[in-house]
Amino acid sequence: MPISIRDLHPEFVGEVEGCDLRRPLSREETRRLEEGIHRSAVLVFHDQDIDDLQQVAFTTGFGPLENQRGVDVTPVEDLRLKTPVSDVSNLGQDNKPLPRDHRIRMFNLGNRLWHTDYSYRAIQAKYSILSGRVVVTEGGNTEFADMRAAYDALDAGTRAEIEDLICEHSLMYSRSKLGLTEFTPEEQVTFKPVRHRLVRTHPATGRKSLFLAAHIGTIVGWPVPEARALLQDLIEHATQPQFVHVHRWRPHDLIMWDNQRTMHRVRRFDETRVRDLRHTAVSGDAPTAPQAA
Ligand code: OGA
Ligand code: MN
């Protein structure tokens, strides 16, 4: 069956049919999906009962696999998964939900804030792929916001004001918003802030979008409170219901999204239940701004 993509939210979210991710995709299928993600920034696949290595194989069809080290505070010896995927579960090495005040759990709560993945790297990974192995039936939805539609809806004055602004992103900024302010010297090196444009142009479509994330701590050259107040206004604007799609997980759903034009967040759920999702990503091509000297 050839791949078809049905609009769930026109020009923003598509549902893919005719794709079995347990086997390698042909070049033509990969091309069709990439064309699909340039039209709809979020692609939803159902009934994909895959393992970690099949997820990696699917991911690398689109480009190099993004390095998953340094995306959280889990020491290597404490990793639950030994495969090259990122663990987006609420579980410890014993496969039981982590204690409430566990540092890894508290750090992972950052996913509840609107963000885009890997913006804390100088070259942001372009696509994220999230596979739902065990999902919860209540809460735990993942929400996506269309940063291109949000940019298009800005008034001309705001567009002109923000056109050339540069922001600083770091995992320390997003976590400090949750009250997590202590980082080891090694983490401070890994999480050193990087710079990105606030308005970015998509390398494939040439369309502009807002580049926002909880990881942003300030705007270069601005007083921090003024920067944060503007960023808060823009995040409020960009996450109005007309720009947001809510995904309610079914077991074996897989979502692929373009970090270059979306934000996302996970909603609250009962963390005594198991939620086990696995994340991989495709490396990006270029920085959006020069880094500080
Ligand atoms: C991610 C992420 C949200 C979720 O994997 O990047 O933000 O629903 N996940 O777990
Ligand atoms: Mn994320």
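Tutor: We may begin with a polar contact, a pair of N or O atoms within 3.5 Å. Here, an N or O atom in the side chain of H279 lies 2.8 Å from an oxygen atom of ligand 1. The protein covers 97% of the 290 Å² of accessible area that ligand 1 has on its own, by the Shrake-Rupley method with a 1.4 Å probe. This is a predicted model, in which local features need pLDDT of at least 70, side-chain atom pairs count only at pLDDT 80 or more, and totals for chains, interfaces and linings use all residues. Residues are numbered from 1 along each chain as written, chains are lettered from A and ligands numbered from 1 in written order, and side-chain values use heavy atoms, without hydrogens and water.

Student: How far from an oxygen atom of ligand 1 are the polar side-chain atoms of T142 and D117?

Tutor: For T142 the distance is 2.6 Å, and for D117 it is 3.0 Å.

Student: Which protein donors hold the manganese ion (ligand 2)?

Tutor: Donors are N, O and S atoms within 2.8 Å of the metal (3.2 Å for Na, K and Ca); water is not among the atoms, so sites may look incomplete. Here they are H115 (NE2), D117 (OD) and H264 (NE2), lying 2.1 to 2.2 Å from the manganese ion. Their spacing along the chain is H-x1-D-x146-H.

Methods:
A polar contact is a pair of N or O atoms within 3.5 Å; within protein, one must be able to donate a hydrogen and the other to accept it, and residues adjacent in sequence count only if both atoms are side-chain atoms.
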